[in-house]
Amino acid sequence: MAQTRNAVIVGGGTSKFGVRQAHLLDMIQEAMRACADDLPGLKPADIDGLIVATTMAGRHSSALNTAPLVVQRLGLSPTSICIRVDTLCAGSNSAIIVAKGLIESGIADVILVTGGEKVYMPQRWETNYTQLAVNDHDWDSAMGLGVPPPFFAMIAKMHMKRYGTTKEQMAHVSVTNYGHGEGHVNGHFAGRTLTMEQALEARIIADPFGLYDCCPLSDGASAVVIASEERAKAMSDRPLVYLRGTGQHATHSMSAGWPGDTLAEWPHLKTAGEVAFKNAKLTPKDIDIAETHDCFTISEIIELEELGFCKKGEGGAFVASGEIGLNGTIPTNTDGGLLVYGHPFGASGARQAIEICKQLQGRAIHQVKDAAFGLTHNLSGTCAQHTVVIYGKEPVK
Amino acid sequence: MAELQKAEIVGTPALDGQYIGEMDIWPFEAPEFNRIYPFYDNLRAGKFTTTKCKKCGHITFPPQVICPKCWSDELEWVELPQRAKVVTLTETQAGAPLGFEPPLILAWLTFGDKGPLKHLLGRIIHCKEGELKEGDEVKFVTFSVPAHPFEVKKDTKISDRVFYAFELVK
């Protein structure tokens, strides 16, 4: 379909992330409230489309057909689209891709993308137990693969063996992201700081990971507004932030289908990135700021490699040299990322989009000077799928 | 004000003692619930098998109903190698999902460059923490897992189940 107009991200907000005393639908309302604070002129009637991203809603909140429940709670009356999407950790980033297509094609004008999870149950064991259902259940999960740390620990061991990556280099990711998380009051670990010593001396979760190498599981929700350029101009005076290009690539659902030579190579992410860069008519050098899926410190290191921000195998040295800091070549996870802001699966992609939106509009808490192009990335589950979205202050021409 | 009576039942009264399929950690292996049940029958006979496409020769794991390469539905059962080498491993003491006793040892296994199966995540059983090393050889092993009930008209049948893992070759 020929593109007839541009889609832009107008603004958004998140609920408080953490171990919450709240229902999933409560937190989605909090995210809507934060989104309304960010866009004072926005009214329920302005929104003609709704996409809700959640994985756990069916199992943990007994809310299988989630979108109509959100319609009720947010006072919406969508006429163009009203759906739930689920790509686990990439849920709302997937929803943003769908929203872009619907707006560019003229099917929708203003879409609310909201994502959220209620992860923590009355009994904690149930949270780990549910994780068995997010992998290829009858195969890998029947081997006991549930929560992600064991799988990513093997990835880290392999990257250390093949490329010489060290625990100290991995700690640079968490320490940097804790610095970036400062001031983000809705983050899971808001108000906490982290030193290299603390990172390296933390209790072991799964060798080689210490506590700070792993992101938390979080309850929480986020919401963003994606609109046509014309409607966005009417809604806000801020600079426009265009959705330039997207890519999403999946190759397998279980270990037997792993596409890399070893666990340290993620060719499916490389492909997802290449597709997004091509669609955005940009290269990695053009990107000023990135929000990558730092579910573990090693993840951010491999993502910087596979997305082309540094050479394959050099991610460890790259993060240790300060290149992911605010004055580095690619400031990364400038809101603290998953490691500090937290990770309510379906909420994370939209949370990343909010940070890129604010950075490109020049109003971020840790502002990167003259940021013009930004990238968001999520992986899903045990690295089964990769999702990339590229934003810019100018549309693709 | 009358004192509230304390609940006599803690939990879900309607589900007291009932099997909940959606909470099961093992596959529904009975022929009534899947079309690849020969895989489980073969496990009972000590065989590690999967499906091979009769049209294009592609072997896939897990077994399928159609070939993912050419979409043919003419598939046959073939045996997979039962020995593999440990590439890397991880041992979980705390936080293993309910139903899996610690230490939960998971290994990334390679079946060699020429095998129909390149790599696979495998649980290593009958193994102490710290015993398994990179490069070790492991072999396929089967064991029984809890049965589950299922309804057939007015009767309740029981599906006995089996699964597989790997153990260290000593």
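This is a predicted model: local features need pLDDT of at least 70, side-chain atom pairs count only at pLDDT 80 or more; totals for chains, interfaces and linings use all residues.

Colleague: Which elements make up chain B, and how is its overall shape read?

Modeller: Chain B has one helix and eight strands, and along the sequence they follow the pattern α-β-β-β-β-β-β-β-β. The radius of gyration of chain B is 21 Å, well over the 15 Å that the globule rule gives for 170 residues, so chain B is more spread out than a compact globule. The C-alpha trace of chain B spans about 75 × 45 × 25 Å along its principal axes. As for contacts within chain B between residues at least 6 apart in sequence, 51% of them join residues at least 24 apart.

Colleague: In what order do the three strands of the open sheet in chain B stand, and why is one side of each edge strand left without a neighbour?

Modeller: The order is β2-β1-β3 (chain B), and the pairing is antiparallel. β2 (59-60) and β3 (75-79) of chain B each have a single partner strand, so one side of each lacks a neighbour in the sheet. Strand β1 (residues 49-53) of chain B is joined to β2(B) by two bridges, in antiparallel fashion. Within β2(B), B:T60 is the residue opposite B:T51.

Colleague: How many strands form the open sheet of chain A, and which are at its edges?

Modeller: Nine strands form this open sheet of mixed pairing, in the order β3-β2-β4-β7-β1-β8-β11-β10-β9 (chain A). β3 and β9 (289-291) of chain A are the edge strands, each pairing on one side only. On average, neighbouring strands of this sheet are turned by 25° against each other, direction ignored.

Colleague: Is strand β2 of chain A mostly covered or mostly open?

Modeller: Strand β2 (residues 49-53) of chain A is mostly covered, with five of its five residues buried. A:G49, A:I51 and A:A53 point one way and A:L50 and A:V52 the other way, all of them buried. β2(A) pairs in the parallel sense with strand β3 (residues 81-85) of chain A over five bridges, and five bridges also join β2(A) to strand β4 (residues 110-117) of chain A, again parallel. The bridge partners of A:I51 are A:I83 in β3(A) and A:V113 in β4(A).

Colleague: Which residues touch the most other members of the largest nonpolar core?

Modeller: In soluble globular proteins, nonpolar side chains tend to be buried together. Here the largest nonpolar core has 155 residues, and A:A99 and A:I226 touch the most other members. Leaving aside residues up to four places away in sequence, A:A99 touches A:A7, A:I51, A:I111, A:V113 and A:I226.

Colleague: How many residues does each chain give to the contact between them?

Modeller: Chain A gives 25 residues and chain B gives 24 residues. On the side of chain A, α5 (125-130) and α6 (149-163) are the elements that give two or more residues, and α6(A) has the largest share, five residues. That side divides into 16 nonpolar, six polar and three charged residues.

Notes. Residues are numbered from 1 along each chain as its sequence is written. Chains are lettered from A and ligands numbered from 1 in the order in which they are written. Two residues are in contact if their C-beta atoms, placed from the backbone, lie within 7 Å. Helices (H or I, at least four residues) and strands (E, at least two) are DSSP runs, numbered from the N terminus. Ala, Val, Leu, Ile, Met, Phe, Trp, Tyr, Cys and Pro count as nonpolar, Asp, Glu, Lys and Arg as charged, and the others, Gly among them, as polar. A nonpolar core is a set of buried Ala, Val, Leu, Ile, Met, Phe, Trp, Tyr and Cys residues joined through C-beta atoms within 7 Å. A residue is buried if 20 or more other C-beta atoms lie within 10 Å of its own, exposed if 12 or fewer, and partly exposed in between; C-beta atoms are placed from the backbone. Two strands pair if DSSP finds at least two bridges between them. The radius of gyration is taken over C-alpha atoms; the globule rule is 2.2 Å times the number of residues to the power 0.38. Axes are lines fitted to C-alpha atoms, for helices over the stretch in contact, and angles run from 0 to 180 degrees between N-to-C directions.
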